[in-house]
Amino acid sequence: MIYHSAIFYPEDKDELRKLASIDERKEEGSAFILPQMMLSRSAFLYRQVFGRISDGREITLIVPLRREMLEKDRGSLFFQPEPRTEHFFTGDIRILDSGLPISREYEAEEYGQELLYPFISIDNPHSALRVVYSYAVSSEDVKKLEALLRRFSGSVFIIASNMTGPTDKPDDDTQKMISLLESGERLLDLYRKRLISCPGTPAIEAVSRILPGRWELLGRTEGDKAAGHAALMRK
């Protein structure tokens with residue numbers, strides 16, 4: 001099911017291959033943060049990440065949900081897309097079953113999953129994709145997300161998140177978030193107090209508890225107008 005083609009990325013196979021083909025393989029990482037934005041502006045960050053994921057390694061994508069929870073989903077925190085083989089423009093992608101409630105509505109709303117398709121199909125055609133849509137916000141939610149993600153600890157984790165929410169000073173707020181991530185500081189309290197607005201903070205906290213080390217900057221976009229964007233790695 002393709003929802004966001006020609007909006008966040010081109011449908012043309014040649015254009016996709018130009019955007020998504022990595023130049024070289026580099027030192028592998030265990031977890032990454034990637035922005036949710038049009039590939040015309042962010043593909044260079046995605047190439048940085050996929051150059052650090054070996055082909056065949058399972059990928060677990062955590063997508064923080066930004067829309068209101070549907071009434072029928074009350075009582076659950078985590079959801080997944082329908083397990084299947086997705087027939088994308090540049091190749092097939094195997095989407096795994098995580099045993100979570102299935103939500104087609106969240107898949108149609110959130111495009112972070114679909115932004116990975118060109119890179120998996122072109123650069124990592126033997127890698128399967130697992131997707132977790134998350135409503136984690138509180139400390140207790142993060143503990144539950146951590147426990148869930150530990151079940152997939154053989155995966156490489158990717159958190160689909162911008163560095164900020166909507167802001168009138170994206171450069172300053174992005175640099176603040178990058179510095180906090182690089183410092184290794186715990187961020188959930190700052191997020192809960194609205195001192196930072198990175199929507200992926202609860203997922204970042206959960207992954208940081210699983211994997212030792214600190215986040216390293218791979219690159220950031222320039223000239224952002226309404227939100228900040230960057231890619232980071234955790235070895």
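I take a salt bridge to be a side-chain nitrogen of Lys or Arg within 4 Å of a carboxyl oxygen of Asp or Glu. The model I am reading is predicted.

**Entry 1. Salt bridges**

I searched the whole structure and got 17 salt bridges. I looked up one of them, the pair Arg-57 and Glu-28. The N to O distance is 3.3 Å. I then checked where the partners sit. Arg-57 is in the loop between H2 and strand S2 (59-64). Glu-28 is in the loop between H1 and strand S1 (31-34). The two are 29 residues apart, and the pair links distant parts of the chain. Side chains of opposite charge can pair when their charged atoms come close.

**Entry 2. H1 against H2**

How do the axes of H1 and H2 cross? I find roughly 45° between helix H1 (residues 13-20) and helix H2 (residues 39-50), with the axes coming within 8 Å. The two helices are therefore oblique to each other. From H1, the contact uses Lys-18, Leu-19 and Ala-20. From H2, it uses Leu-39, Ala-43 and Arg-47. I sorted these residues by class: four nonpolar, two charged, no polar.

**Entry 3. H1 against H4**

Next I turned to H1 and H4. Their axes lie 9 Å apart and the packing angle is about 85°. That makes H1 roughly perpendicular to H4. H1 brings Leu-16, Arg-17, Leu-19 and Ala-20 to this contact. H4 brings Pro-118, Phe-119, Ile-122 and Asp-123. By class I note six nonpolar and two charged residues, with no polar ones. Leu-19 and Ala-20 of H1 are in the contact with H2, and Leu-19 and Ala-20 are also in the contact with H4.

**Entry 4. The cavity**

How many cavities of 30 Å³ or more does the structure hold? I find one. The largest cavity has a volume of about 30 Å³. Its lining is Leu-34, Pro-35, Gln-36, Tyr-46, Leu-61, Gly-112, Leu-116, Ile-158, Ile-159 and Ala-160. Which elements give two or more residues to this lining? They are helix H4 (112-123) and strand S7 (156-160). S7 gives the largest share, three residues. I count the lining of the largest cavity as eight nonpolar and two polar, with no charged residues.

**Entry 5. The pockets**

I looked up the largest pocket and read a volume of about 310 Å³. It is lined by 17 residues. Nearest its centre lie Gln-36, Tyr-111, Asn-162, Ala-227 and His-229. Gln-36 is in the lining of the largest cavity as well. The lining of the largest pocket divides into seven nonpolar, six polar and four charged residues.

The second largest pocket holds about 180 Å³ of space. I find 13 residues lining the second largest pocket, with Pro-64, Leu-65, Ala-136, Tyr-191 and Pro-199 closest to its centre. By class, this lining has ten nonpolar, two polar and one charged residues.

**Entry 6. Leu-77**

Where is Leu-77 found? I place it in the loop between S2 and strand S3 (78-79). Leaving aside residues up to four places away in sequence, Leu-77 touches Tyr-133, Ser-134, Tyr-135, Asp-141 and Lys-144. I checked one of these partners, Ser-134, by C-alpha distance. The C-alpha atoms of Leu-77 and Ser-134 are separated by 6.0 Å, and the two residues are 57 residues apart along the chain.

Terms used:
Residues numbered from 1 in each chain as written. Predicted model: local features only at pLDDT ≥ 70, side-chain atom pairs only at ≥ 80, totals over all residues. Heavy atoms only, no water. Axes fitted to C-alpha atoms, helices over the stretch in contact; angles between N-to-C directions. Helix = DSSP H or I, 4+ residues; strand = E, 2+ residues; numbered from the N terminus. Parallel < 35°, antiparallel > 145°, perpendicular 65-115°, else oblique. Contact = heavy atoms within 4.5 Å. Nonpolar A, V, L, I, M, F, W, Y, C, P; charged D, E, K, R; others polar. 1 Å grid on protein atoms, 1.4 Å probe; cavity = no way out; pocket = protein on both sides within 12 Å on 5 of 7 lines; lining within 4 Å. Points joined across faces, edges and corners; volume = space filled by probe spheres on them.
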